[in-house]
Amino acid sequence: MDSHAVIEALPVTGDERAALIEIANRVFEKVIDRIEPENESLTRELWDPGDYIDIHFFQDGMLPMKLDYADYLIGAFLVHHVIDLAVQADRADEQSRN
């Protein structure tokens, strides 16, 4: 997909959504490598790139947005979401032990 493509409306569908999911998965792997979560397998189970794109990433007033800028923003903001997933995984693991 052309990195200069413009996302103009929500929900994002088709090639634009597929490209965003691919970007989110690429960034997710980088973040996992950096933060080295204690419960990596459970953190991976909690990861849903479609949910991240559809529910967590876009906020009111962000559109229109070029795909290459969305790539940049996902790189900047996904780390916080992955840390939240790692914390959820840690809590779930702790509860399963009690």
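Buried here means under 20% relative accessible area, with exposed over 50% and partly exposed in between, using a 1.4 Å probe and protein chains only. The model shown in these views is predicted, so local features need pLDDT of at least 70 and side-chain atom pairs count only at pLDDT 80 or more, while totals for chains, interfaces and linings use all residues. Residues are numbered from 1 along each chain as its sequence is written, and side-chain values use heavy atoms, with hydrogens and water left out.

View 1. Helices (DSSP runs of H or I, at least four residues) and strands (runs of E, at least two) are numbered from the N terminus. Helix α1 covers residues 14-35, and its 22 residues should span 32 Å at 1.5 Å a residue, which agrees with the 31 Å between its end C-alpha atoms; the expected span is 1.5 Å times one less than the number of residues. Buried in α1 are A19, L20, I21, I23, A24, V27, F28, V31 and I32. These buried residues pack against β1 (6-7), α2 (40-46), α3 and α4, where contact means heavy atoms within 4.5 Å. Just after the helix, E36 takes a positive phi of about 45°.

**View 2. Where α3 meets α4.** Helix α3 (residues 49-57) packs on helix α4 (residues 67-97) at an angle of about 90°, with the axes 12 Å apart. That makes α3 roughly perpendicular to α4, a label for angles of 65 to 115 degrees; under 35 is roughly parallel, over 145 roughly antiparallel and the rest oblique. On the α3 side, look for Y52, I53, H56 and F57; α4 brings A70, L73, I74, F77, L78 and H81.

**View 3. The start of α3 and its buried side.** D48 caps the N-terminal end of α3, with a side-chain oxygen 3.1 Å from the backbone nitrogen of G50. Within α3, P49, G50, Y52, I53 and F57 are buried. Their packing partners are α1, β2 (65-66) and α4.

View 4. T43 sits in helix α2 and is buried, with a relative accessible area of 0%. Leaving aside neighbours within four places in sequence, T43 is in contact with F28, I32, P37, V82, L85, A86 and A89. A polar atom of the T43 side chain lies 2.9 Å from the backbone oxygen of N39. N39 itself belongs to the loop between α1 and α2 and is buried too, with a relative accessible area of 14%. Not counting residues up to four places away in sequence, N39 touches A89, D90 and D93.

Notes:
Axes fitted to C-alpha atoms, helices over the stretch in contact; angles between N-to-C directions. Polar contact = N/O pair within 3.5 Å; in protein donor to acceptor, adjacent residues only side chain to side chain.
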